[in-house]
Amino acid sequence: MSVFTWLKSLFGGSRRRDISRLSPQGSSAEVSDAVEERVDLSGGPLKEHHRRRALRDKRLLPKIKSPARQLGLTKRKKVMPLEEADRLFAGTLRTRNRNLRDLLADPEQLQRYGLPLWNTEADIAGALGISLKELWFFAIHRERERQPHYVTFSIPKRSGGRRVIMAPKRRLKAIQRRLLALVIEKLPVSTHAHAFRRGHSIRTGAEPHVGKRLLLKLDLKDFFPSVTFARVRGLLIGYGYGYAVASTLSVLMTEAERQPVEVDGNIFHVPIGDRHCVQGAPTSPGICNALLRRLDNRLAGLAKKRGLVYTRYADDLSFSGEMDRNAARKLRSLVARIVVEEGFQINAEKTRLMGQGGRQSVTGVIVNKTLGLSRQERRRLRAMAHRLSHQKNGETEPKLRARFDGKIAFLAMLNPEQAARLRHRKGENGRSKIEDES
């Protein structure tokens, strides 16, 4: 390199990275034949139409060797501590995406969403009230885990099969709850999402669909496993965090399903899939809601264009309105295409199209004419009330009473009038009388 070329690259010239020995990131011939690439140092948007700026860590940029350095007259300068370098280039923070690897935090983007400014892992540890070594204990992905951080068990599904629950242990759960308050609850969520949000419930998610001619229900397949570590990291980078911080936070809030394996008398827990948001972690619902914001907005726009109503409760998508069955089938195809474009899949076995002639329900709430429980469920409640009203003093079954009170409280949230007709009313003889249902 001549002195002129070195000065030009040092003062305003673009940095270029040698990629002749790297695997191509694209499939085009132009990409596969390239031997070097230009590094964007403009500080402009990370993506088109985005406000997040691409600010680069100068320590990780391609180095400009001076003529003296090339001749061996000067020594290489130390750019970071050895401990930081070991962490930064370890397997947990490894990625093939060279456009993300050297990203710094964007303070303006973080301030825009009211998120805490964390530039390093030490900042995260300080905010969580733990040491850096304890942070690394929880934020390292191990291929052979001796001490898993989650308790795994399964519960039966109502539709059959088993649902895997991975509950974080006490210390990690406390860290995740802290992250939930500091970061996750501040991420923007679509107004059409009704699960896992304060002030929203199955009532608010079902109410817009009351009295509609047709109701189309769809279900997202493998909802939590589809929200992988890479997607969580990309979400946090998009909202302004640097690559290292976003990666560390993502490891703290995701985990892979693991299987115990015995090797030479030692038990190791090895991953059998990718890290993803797990059912049981306090942060998973909020992350999924934030990640599905664009999907919600696209589906809500599709529904509005056709004069329909759209809501989502976790992985349940609901559309309703004055449409015929042919229009509903076309809508189902369009929704499936958008869902695939956003990185999810529709569970065809759970797709339902319901007219007013049959039962219309959203997340278990009947929406045919008014919100409430099904006729069969109200009959069971009447039978429970009758049984309780004919028990003598001191003979009341506590478990039956508690179950009845809980179901009545749930019904009162959905439809106070239906609940009032089933509540106990004391008579003159001390027994409870039940108002008959009209």
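Which residues line the largest cavity? Before I answer, a word on the model. It is predicted, so to speak of local features we need pLDDT of at least 70, side-chain atom pairs count only at pLDDT 80 or more, and totals for chains, interfaces and linings use all residues. Residues are numbered from 1 along each chain as its sequence is written, and side-chain values use heavy atoms, with hydrogens and water left out.

A cavity is a set of points, on a 1 Å grid over the protein atoms alone, where a 1.4 Å probe fits but cannot get out; a pocket is an open set with protein on both sides within 12 Å along at least five of seven lines; lining residues have an atom within 4 Å of a point.

The largest cavity is lined by Phe138, Ile140, Glu145, His149, Tyr150, Leu172, Val251, Leu252, Thr254, Glu255, Arg258 and Arg275. Its volume, the space filled by probe spheres set on grid points joined across faces, edges and corners, is about 50 Å³.

I turn now to the largest pocket. This pocket holds about 1,500 Å³ of space and is lined by 37 residues. Nearest its centre lie Arg163, Asp219, Asp315, Asp316 and Lys350. Among the elements that each supply at least two lining residues are strand E4 (162-168) and helix H10 (223-226); helices (H or I, at least four residues) and strands (E, at least two) are DSSP runs, numbered from the N terminus. E4 gives the most, with 4 residues.

Finally, Phe153 is found in strand E3 (residues 150-156). Why does Phe153 count as partly exposed? Its relative accessibility is 40%, and partly exposed lies between buried, under 20% relative accessible area, and exposed, over 50% (1.4 Å probe, protein chains only).
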